[in-house]
Amino acid sequence: MGKTTVARELASIVEDDWTSETVWIDLTAAADFKGTVAQISAALGRTLATSDPVAEIATWLGGKDAVLILDCCEPVVESVRNIVDRLLEAVPTIAILTTSREVIGARGEQIFELPPLDMGASSKRITLETALDFPAIELFVNRGAEVSDLVLTETNVATVSRICAKLDGIPLAIELAAAQTSVLGLSDLEMALSAHLPLAPDPNRRATPRHATLHDMLAWSYDRLSNREKAMIERLSVFEGAASLDAILNVTRHTDLPESEIIVLLAALHRKSLLKIERADERNGFRLLDTTRAFARERLSESGMKPEFQGRLVRYMCDRAASSRIEGEAPAAVSWFGPVAPNLPNLRSALRWAFGDDAEVSHAVALATASVPLFMQLSLLAESEFWASAGLARIEGKESTYYAERTKLLAYRGAAMLGTCGPVEASRRAMEEAHEAAQNLGEAAFIRLARSALFWLYVYRGEPVEAVSIARQLETTGIDAADPSGDLIAANCIASASTFIGDQAQSSRLLRDVERRQPLVDTGRYMRIGSDPGIFSRVFAIKTLWMLGLPDQAGKLFDEIEPALKTPEHGLYHCYCLNEVMIPMLCQRRQWDRAFAVAAELVEASGRQAMAIRRSSAECATMAIEILKGDGRIGAFEASLRQLRAARFLSLMSWYDWVLAMGLARSDREDEALAVLDLAIGRARQSGDAWWLPELLRCKGETMAQKIPRSSEALSLLQDARSLASSQSSLILELRAAAACLALDITQAEAADWLKRTLGRLTEGLDDPDIEEARVLLKSRARTV
């Protein structure tokens, strides 16, 4: 409810439950002291007859037990203050309630700030079951039901919640908007509010003229501001969301509004409840409510000054983004995206204006070049790609003037396309174009960026040999004194590619070296294209530890880095770690409940990413767990795998093909399983993606043995799997292959010895099913021989 509504409700309670007399005094029409006392005397049913009207009113009230309610005091705050002080001193038996956007300042005043209605903005997700717990939504639905057939449903609850949020939880605004549902559908109403279109008055509403429409309410408050306060609020309207004091000082000051007055004006607007202050740590953010901002922006446009202050915001964002080195320094990034300086909405607003028809090309290009790394860091890949492409379009025909900017925009567009489109040909072409431009420019930072993106392209494509080649090129890019993380990125790339090739010992050694050197580089959480060397190395260390036969350490490391993985800038790493590392490991350990929980987390995390093919892979991962557990749908899984192959998203294809073959073999479709395995083995050998090759060979050997028991070809495949796993230092796969060799022929002494030696080297995960089954197998042989 609004101030007047609350005051009327209180008056009703007083009249019903107390012996006090209530006197309602509307000061909407009062303009000065004389008008104020005239309204009070009229409400009391008296006529003023002396030169001291306050004393005369005090005489009338003498000895009475009364409550005076002075409504709408904003136009005459000073007059009300003087009158209230004198009346309370002269007539201590009365009580006075005032309603105002601004504190009255009377002696002994007790302030009750009426907050907006709760819209559920802090809730993670508003559902049909919880929506009506929030007063803003409840009010909208109730008022809407009075004028239309509005009913809250599963399909419209999100729209209603967004509408209430756009109206800032202001009761009057919500009531007026709800009245529009007699004419507009909810989607149309949301569109109208987003476009700041004027809403029609509610003919059924009985209200004062200033409350007839939302525009009237805002205009009434605006008209009572001083000229400087009007200028201040109009200029603040160029900001979206909150703005820092530094931003306000730089954008709003002008010859007619010197910097020395700005803080005073901010305080005045805050006192009048027209400006919200968001406090955190040692800095404040200043924010206009959305409805107030829209009104003030109209006034700024009417004054002809809107282009001037829009341009100031664009230049401010350009200067700050260009000078802050946000790409490599955590403090600068936190300053930009922290709770009291949320520049992201302002950055988006500035970009829209910078790319308007009348904006200067130099401003558009500069702001786009500074912005795309920030979007990339926050995993806002679609925005990074969009603004990089927009900047490149503005540069077209002017490449020689903006060669460095073009190179950076090309690099980030290519990297972003990898995240939005996946490793398709269009992504590869974009990255290679960026790489060529960076080499021509000779700028090490841009070359590293382009090569980092190419590295990930080949990782996603399941081509680790190509990835290693790019990683080796990264090593030779050169060290940038301003960005000492470059060589760590190169080392990480080589180490991670080694896990795909199957050299787990080398990968482990390189990752330990990266971890040792990491503290020497103060990069914090925010890094170029989200590549924090510490997180990067630990993701691949989890996989390496697992392969080395240290699954407990792998699980512990995942638990340590999971909070960091869930931060926005590591969204891609988070999905990769869950999909390509944790799910295969948990399935091998047959920890099905944990695997399904991770798969559910992956589906949710992938839904926050722009890369649609990652969501397909997440669905594949869930189906893979079901198949391995024994109750999956092979046909649906095959269809999903075809989607991944079409998009060249092959980083986990060896494992997925193995799952498919396992499911086919269990369904007595051995020939189909063998065909899948032959293709997978051939691809692994050709691409160098050999980390799971021992398991593919083992699976083929066991499948052949199902058809022809004690087949010599099957035994040869199993022995090859065992030897390959041993050469890769992949102890966990060596155990599986060694057990399969012995299971094929329980009488083989050599196979038993190999399995026994392998078991003896394992120190973790000793309760895992693979280890238990290997022990049972050895005991069975002991009884047999």
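I started at F140, which touches L150, V160, I163, C164, I174, A177, A178, T181, L186 and L189, leaving out residues up to four places away in sequence; contact here means heavy atoms within 4.5 Å. A second, separate core holds 25 residues, L27, I40, I57 and V80 among them.

A note on the source: this is a predicted model, where local features need pLDDT of at least 70, side-chain atom pairs count only at pLDDT 80 or more, and totals for chains, interfaces and linings use all residues. Residues are numbered from 1 along each chain as its sequence is written, and side-chain values use heavy atoms, with hydrogens and water left out.

Next I looked up the largest nonpolar core: it has 220 residues, and F140, F455, W456, F637, W655 and Y656 touch the most other members. A nonpolar core is a set of buried Ala, Val, Leu, Ile, Met, Phe, Trp, Tyr and Cys residues joined through side-chain atoms within 4.5 Å. Buried means under 20% relative accessible area, with a 1.4 Å probe and protein chains only. Of the chain's 785 residues, 56% count as buried.

Then I turned to a helix pair. The axes (lines fitted to C-alpha atoms over the stretch in contact, with angles from 0 to 180 degrees between N-to-C directions) of α33 (residues 693-707) and α35 (residues 731-744) come within 10 Å and cross at roughly 20 degrees. That makes α33 roughly parallel to α35, a label for angles under 35 degrees. On the α33 side I found P694, E695, R698, E702 and A705, meeting L733, R736, A737, A740 and L744 in α35.

How values were computed: Buried means under 20% relative accessible area, exposed over 50%, partly exposed in between (1.4 Å probe, protein chains only). Helices (H or I, at least four residues) and strands (E, at least two) are DSSP runs, numbered from the N terminus. Angles under 35 degrees count as roughly parallel, over 145 as roughly antiparallel, 65 to 115 as roughly perpendicular and the rest as oblique.
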